[in-house]
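Try each task before reading its solution.

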Amino acid sequence: MKKNIDKMKLLAVFSLTTLIFVLGILLGNFLSNQKLENIDEIQQELRTDTMALETEYLLLSQEPCHETKTNVLTDELYQINSKIDYMENTLGEKIKEVLKLKDFYSLLEMRHWLLLKKIQGECGGNYTFIHYFYYNNDDCPECKDQGFILLYIRKKFDNVRIYSYDINNDNFAVNALKKIYGIKKAPSVIIDDKVIEGFITKDQVE
């Protein structure tokens with residue numbers, strides 16, 4: 001009789017464990033599907049956002065001195081960057097779709113920089129441009145620290161515009177920028193036209 005009770009207990013424990021395991025798999029699959037749907041929505045949003053921003057650049061380049069809210073344009077650029085960061089953290093930095101989006105975003109950054117330079121030259125303005133080159137891996141802790149410092153600088157100074165590039169990005173435009181300024185390692189920053197290799201503190205940037 002006691003053996004039968006023990007067998008029933010073992011069977012009950014086994015059944016409960018199996019049920020929890022199956023529920024865990026089902027929940028994991030559900031969450032994965034939800035995440036994929038969310039990522040797909042973000043990809044669609046990014047395609048629309050980048051096309052809209054590219055169109056804005058073309059329109060503004062025709063009449064650079066026409067009254068416009070360039071701060072809004074800058075905010076839109078940074079919003080796209082936040083979405084790409086989310087996708088990179090969710091899917092991984094080497095996923096083909098993420099790399100394509102980062103590639104196109106680098107071109108948007110350069111278009112934004114060239115547009116503001118044109119506005120500043122032809123219409124007046126007081127922008128400071130910072131280009132930041134980083135390694136996108138865990139082997140460069142200084143790159144993450146440098147990124148946090150530059151984010152602080154961007155939020156503190158309204159006239160600062162920061163553009164960041166993965167130094168390993170094999171993009172013709174990024175490669176041209178690296179060649180022009182002699183960028184060979186990361187972290188490196190270009191503040192206006194001054195090149196600074198290696199990590200620099202918040203006080204040094206300011």
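**Exercises on a predicted model**

Of the 206 residues in this protein, 33% count as buried. The model is a predicted one.

**Exercise 1.** Work out how many helices and strands the protein has, and in what pattern they follow one another.

*Solution.* Start with the count: the secondary structure consists of six helices and four strands. Then read along the sequence, where the pattern is α-α-α-β-α-β-α-β-β-α.

**Exercise 2.** Find how many aromatic pairs the whole structure holds, then classify the pair F133 and Y165 as stacked, tilted or edge-to-face.

*Solution.* A search of the whole structure gives three aromatic pairs. For F133 and Y165, the ring centres are 5.3 Å apart and the planes stand at 35°. Planes under 30 degrees apart would count as stacked and over 60 as edge-to-face, so the pair is tilted.

F133 belongs to strand β1 (residues 128-134) and Y165 to strand β2 (residues 160-166), so the pair ties together parts that are 32 residues apart in sequence.

**Exercise 3.** Decide whether F133 and Y165 are buried or exposed.

*Solution.* The cut-off for buried is under 20% relative accessible area. F133 has 0% relative accessibility, so F133 counts as buried. Y165 also comes out at 0%, and therefore counts as buried.

Note on methods. Residues numbered from 1 in each chain as written. Predicted model: local features only at pLDDT ≥ 70, side-chain atom pairs only at ≥ 80, totals over all residues. Heavy atoms only, no water. Phe/Tyr/Trp six-rings, centres within 6.5 Å; stacked < 30°, edge-to-face > 60°. Helix = DSSP H or I, 4+ residues; strand = E, 2+ residues; numbered from the N terminus. Buried < 20%, exposed > 50% of the residue type's maximum accessible area, 1.4 Å probe, protein only.
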